Structures are given as structure tokens and as C-alpha cells.
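Subject: Structure for your review

Hello,

Please find the structure below, with the sequence alongside. My notes on what was found in it follow.

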Amino acid sequence: MQTAKSAIATGALVALALTLAPLAAAQQNRISITTGGTGGVYYPLGGGMANILSKNVPGLQATAEVTGGSVDNLKLLGAGKSEVAFSMVDATWDAYNGTDKFKGNKVDTRTLMVLYPNKVQVVTVEGTGINKLSDLKGKRVSTGAPGSGVEIVALRMLEALGLDPKKDIKQERLSVAESANAIKDRKVDAFFWVGGVPTAAVTDLAATPGVKMKLIDHGEVAEAMNKKYGPLYAKGVIPAGSYSGQDKPNENIDIWNILITNDKMSDAMAYSIVKTLFEKKPELVAVHKEAENIELKNQAIGSPIPFHPGAKKYLEEKGIKVK
């Protein structure tokens with residue numbers, strides 16, 4: 001039989017547990033969204049997502065982190081240092097299968113959402129002598145920041161052209177913002193970028209007085225890349241007028257962006273994240289217009305990586321079947 005003294009002690013313990021429970025829940029529901037560099041689309045869009053999720057999912061506090069991009073994000077996800085990440089499908093495919101940069105280090109990743117198609121952009125300016133992709137030979141070229149998906153794509157494109165980045169170009173490894181500044185200062189002749197259109201750093205370059213920015217056509221290398229790496233790359237077009245002074249369409253390569261997590265996220269959390277982001281899409285579009293391309297119809301076609309069960313549940317409620 002419980003004494004009065006033990007009853008008081010038990011009551012105190014229950015009260016303490018109830019007091020600590022919300023604190024524990026708050027700690028458990030703190031998530032990091034890894035994005036990319038400040039000059040691209042991942043970072044502002046990730047910041048918008050973090051704000052929307054923090055406001056609308058009870059007990060969740062989300063923050064967006066600046067990173068090198070897809071490869072870094074996948075490594076952080078695999079190490080348990082982030083819960084949600086932006087990535088391109090080609091880098092994610094490598095991580096999921098333990099190939100290329102992830103040889104021997106598979107990341108058990110899951111798709112939350114298919115976002116928008118990334119546009120590969122090969123950027124130069126008048127006066128460099130670069131008018132087609134093969135003209136990159138012998139030039140100073142930035143292939144993207146270390147740890148970025150841009151670097152993966154750039155190296156695969158150069159390989160498809162038969163160019164060795166160590167011998168046939170003077171390689172720099174700069175972020176998009178650094179690349180745009182370097183080309184203004186004539187420290188590089190061209191740079192690779194993979195991101196949404198318009199990308200802030202490229203817009204800034206195109207609007208710079210005394211500079212005529214050019215996008216170089218490159219869709220012709222998609223077939224060779226797909227033969228070696230799988231059906232990850234599609235020919236696309238960047239419409240004329242996407243950037244100041246861009247007077248003709250640019251034939252490019254498209255790669256889907258996806259929002260990913262690992263297999264440890266709870267079904268309830270994954271469901272809440274996906275449901276909230278789709279329902280609050282207008283708020284994301286207000287952050288960056290690439291969010292207009294986040295559509296239910298693209299979920300079934302944009303990712304070769306299995307969907308998280310929580311994400312799959314929400315999509316099936318909307319009549320979308322995914323693997």
C-alpha cells in the first residue's frame with residue numbers, strides 16, 4: 001500500500017516528467033536542412049522551407065544550412081548531421097548505390113519530394129573565344145565548388161567531350177558566386193553551374209555594365225553521359241530572355257533536384273513535411289519562382305530513389321503512385 005510520502009514523491013516525479021517531456025520533444029524535432037551556396041537556388045528555397053515548416057508543423061524547429069551542395073549534403077545526411085537535404089538525382093543515385101564519389105560509403109537515402117529540374121549552365125563572356133563546348137580546351141574554367149553536384153556534372157561533361165580536367169583546362173573549383181566574381185575580374189574564362197533559372201549570381205553577372213554574358217549550348221553530350229551513368233540527364237532549353245542580354249534559347253542539360261532524408265526519419269515526420277510544403281507552395285513561390293515547378297505530377301517521374309513511406313502515404317492520398 002502506497003504511503004502519503006511515497007505518493008507525494010511519485011506525484012513529483014510525474015510532474016517533473018511532464019515538465020521535461022516538451023523539452024525532449026522540442027530537441028527531437030529540431031531538424032537541419034542542408035542546401036548549397038548563397039549564390040544559388042537551394043539556399044533561399046531551403047530557408048523558405050525552414051520558415052514554413054517551423055511556423056506550421058507543431059513542435060518542429062527547422063533551420064537551413066549553407067553547404068558545398070549535393071555531395072556534401074549526402075555525406076552530412078549519411079553521418080547523421082542533417083535530417084533533410086537538397087540534392088541532384090545523379091549525386092543521390094551514386095550515394096544510394098555506393099558508386100563514384102561514394103564508393104564504399106553508401107547512404108541509405110529516401111526521397112521526400114521531387115522539386116524542380118536543374119538547368120546545367122555553361123557560362124562565359126564575350127572576348128574569351130569560347131563559342132562552343134569544345135572551345136573550353138586550354139581555358140581557365142571553374143568546375144564548381146568541391147563537394148558540389150556541379151562538380152560531378154562538369155567532370156562528366158568534360159569526359160564526354162574527351163577532355164581531361166587536369167591536363168586540357170586550367171581547372172578552378174569555385175562556388176557560383178565566386179565563379180561569377182572571378183569571370184568579372186578575368187580570373188576565369190568560363191564556369192559550370194547547375195541550378196534553377198534565374199540563378200542570382202548569373203543574373204548579377206549578366207547585369208554587370210561592360211560585360212556581355214553568354215550561355216554555351218551543350219545538350220549534345222547528354223547521350224554519352226546517359227550511356228555511362230544511367231538515364232539521369234535530359235536535353236532541355238533555357239528560354240531566351242531568362243537573363244539580361246540572353247537573346248536566344250540555350251540548349252542545355254536538365255537534371256532533377258530532389259528533397260531527401262534517410263531511412264531513420266519517422267513516417268509521421270516525413271508525412272508532415274511533404275504535406276506542409278505542398279499545401280504552402282504559394283509561400284515557397286514567393287521566395288523563389290523555381291518553386292512553381294514543384295508539382296504533384298512530377299513526383300512519379302523525377303526520382304530513381306525510393307520514396308520515404310511517410311512521403312509515399314501523402315502522395316497516394318493525392319492519387320500519385322510512387323515507388
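Asn73 sits in helix α3. The model is predicted, and in it this residue has a relative accessible area of 0%, which makes it buried. The side chain of Asn73 makes two polar contacts with backbone oxygens: that of Thr34 lies at 3.4 Å, and that of Thr35 at 2.7 Å. Beyond residues up to four places away in sequence, Asn73 touches Thr34, Thr35, Thr67, Ser82, Ala85 and Phe86.

Helix α3 (70-78) is also one of the elements against which the buried residues of α4 pack. The others are β3 (84-88), β4, α5 (149-161) and β10 (250-262). Helix α4 covers residues 89-97, and its buried residues are Val89, Asp90, Ala91, Thr92, Asp94 and Ala95. After α4 comes Gly98, with a positive phi near 70°.

Strand β4 holds Met113. Is Met113 buried or exposed? Its relative accessible area is 0%, so Met113 is buried. Leaving out neighbours within four places in sequence, Met113 contacts Ile258, Leu259, Val274, Leu277, Phe278, Ile294 and Gln299. The C-alpha atom of Met113 is also 7.4 Å from that of Ala311, although the two residues are 198 residues apart along the chain.

Helix α6 runs over residues 176-184, and Val176, Ser179, Ala180, Ala182 and Ile183 are buried in it. These residues lie on the same side of α6, because the arc they cover around the axis is only 165°. An α-helix has 3.6 residues a turn, so residues three or four places apart point the same way. Which elements do the buried residues of α6 pack against? They pack against β4 (109-125), β5 (140-142), β7 (190-195) and α7 (200-206). Just after α6, Arg186 has a positive phi of about 60°.

Strand β7 contains Gly195. Gly195 counts as buried, at 2% relative accessibility. With neighbours within four places in sequence set aside, the contacts of Gly195 are Asn118, Lys119 and Gln121. A further pairing involves Val41, which is 154 residues from Gly195 along the chain, while the C-alpha atoms of the two are 6.5 Å apart.

To recap the elements: β4 is packed against by the buried residues of α4 and by those of α6, and Met113 lies in this strand.

Regards

Note on methods
Residues numbered from 1 in each chain as written. Predicted model: local features only at pLDDT ≥ 70, side-chain atom pairs only at ≥ 80, totals over all residues. Heavy atoms only, no water. Buried < 20%, exposed > 50% of the residue type's maximum accessible area, 1.4 Å probe, protein only. Helix = DSSP H or I, 4+ residues; strand = E, 2+ residues; numbered from the N terminus. Arc of directions from axis to C-beta. Contact = heavy atoms within 4.5 Å. Polar contact = N/O pair within 3.5 Å; in protein donor to acceptor, adjacent residues only side chain to side chain.
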